[in-house]
Amino acid sequence: MIIKIATFNLFQFCSPEFSFYTKKEKFKKEDWEEKKNWIKEQLQKMDCDIVGFQEVFSQEELKELVLECGFKEFVVSNKPKLDEKNRVFKTTTVALASKFPIKEIKKVSKNENFTFAREPIKATISLKNDLEINVYVAHLKSNRLNEFEYKFTKDSTLEEKKEKLNIALKNNYSLSLKQRINEAKTLHFDIKKDKLPSILLCDLNDREFSITIDALTNKRFYKNELKKDDFILFDSYDIAPKKVYNPHPEFKGFKRVPTSYFVGHGNTLDFIFVSKDLENSIKNHKVFDEHLQKNRNGTLKQSDHAQVVCEIEI
């Protein structure tokens with residue numbers, strides 16, 4: 001069977017009765033209705049069976065929306081922190097909608113002294129013919145303080161990345177990076193020990209070729225004695241059939257479609273990773289970025305992220 005699965009950063013999904021982060025940041029009623037209608041339209045276009053959401057404040061409103069769109073199940077990670085006196089949400093959460101039954105919600109195994117910036121979801125979903133998969137939804141720590149962080153390319157070696165990471169951690173260059181790496185490590189070991197096929201729907205808050213991806217996917221990040229990469233997760237884009245992306249008439253090669261823009265520069269922040277059992281099962285990978293083509297910064301009435309959709313043969 002083929003299922004369609006997506007990751008969708010909603011960009012401050014917060015109903016007008018509340019503010020997000022500061023009291024002045026809130027929606028007008030007409031803008032809120034426009035945003036919800038746009039999300040419904042996107043979900044219809046994407047036509048997915050399972051969707052992971054990030055930046056969810058108003059959980060009941062999202063539940064109502066996805067049920068209207070044909071989803072049968074909806075779960076959230078935890079409750080966002082709310083300053084009740086001022087009606088201001090101080091934290092955001094992730095959520096999961098599924099057209100298949102969610103059999104079980106599990107906690108991601110972690111050190112008792114460690115806390116995720118945003119608690120992830122780990123759900124066991126029952127597909128047809130008694131097939132089961134684990135679906136994780138995560139939103140890793142963002143670098144809001146714009147602390148110094150390294151940028152890597154496809155030519156950067158793991159050894160080079162680890163050396164620079166160790167320098168950054170030793171000198172406390174970026175507490176955001178430290179938190180994000182620890183979140184990636186925690187997910188890595190939880191996914192590694194589980195026997196079911198796993199899919200991770202993630203706003204990574206880090207770029208393609210980042211050290212965060214190595215910590216999430218590659219056993220060699222942890223074992224210096226390994227001479228070759230040994231992956232427990234694969235970026236669905238890397239293993240999907242490729243389509244020519246042609247932003248300029250003279251360009252005929254393959255180029256990854258960005259999922260977010262910063263100061264005009266495109267980045268891939270939103271990923272769908274699959275475990276080794278599904279390495280040969282990716283049939284299609286698509287980025288829904290039409291709204292960002294019109295306005296690269298996105299708008300609160302839509303999103304500042306593109307949506308990533310993957311077809312997987314289970």
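Tyrosine 21 counts as buried because its relative accessibility is 18%, where buried means under 20% relative accessible area, exposed over 50% and partly exposed in between, with a 1.4 Å probe and protein chains only. The structure is a predicted model, in which local features need pLDDT of at least 70, side-chain atom pairs count only at pLDDT 80 or more, and totals for chains, interfaces and linings use all residues. Residues are numbered from 1 along each chain as its sequence is written, and side-chain values use heavy atoms, with hydrogens and water left out.

**Backbone angles**

- Tyrosine 21 has a phi near 70 degrees, a positive value in a residue other than glycine.
- The loop that holds tyrosine 21 runs between strand S2 (19-20) and helix H1 (29-46); helices (H or I, at least four residues) and strands (E, at least two) are DSSP runs, numbered from the N terminus.
- Asparagine 205 also has a positive phi, near 55 degrees, and is found in the loop between strand S11 (198-203) and helix H5 (211-217).
- Asparagine 205 counts as buried because its relative accessibility is 19%.
- Most residues other than glycine have a negative phi.

**The largest pocket**

- The volume of the largest pocket is about 970 Å³.
- A pocket is an open set of points on a 1 Å grid over the protein atoms alone, where a 1.4 Å probe fits, with protein on both sides within 12 Å along at least five of seven lines.
- Its lining comprises 30 residues, and those nearest the centre of the pocket are Asn143, Asn146, Asn205, Phe262 and Leu269; lining residues have an atom within 4 Å of a point.
- Strands S1 (2-13), S13 (260-262) and S14 (265-267) each supply at least two lining residues, and S13 gives the most, with three.
- By class, the lining holds six nonpolar, 12 polar and 12 charged residues.

**Glutamate 55**

- Glutamate 55 lies in strand S3 (residues 50-56).
- Glutamate 55 is buried yet has no salt bridge, that is, a side-chain nitrogen of Lys or Arg within 4 Å of a carboxyl oxygen of Asp or Glu.
- The nearest side chain of opposite charge to glutamate 55 is arginine 144, 6.7 Å away.

**Glutamate 163**

- Glutamate 163 has its place in helix H3 (residues 158-170) and is exposed, with a relative accessible area of 54%.
- Glutamate 163 and glutamate 64 are 99 residues apart along the chain, and their C-alpha atoms are separated by 48 Å.

Technical notes. Grid points are joined across faces, edges and corners, and a volume is the space filled by probe spheres set on the points. Ala, Val, Leu, Ile, Met, Phe, Trp, Tyr, Cys and Pro count as nonpolar, Asp, Glu, Lys and Arg as charged, and the others, Gly among them, as polar. Lys and Arg count as positive and Asp and Glu as negative; His and the chain ends are not counted.
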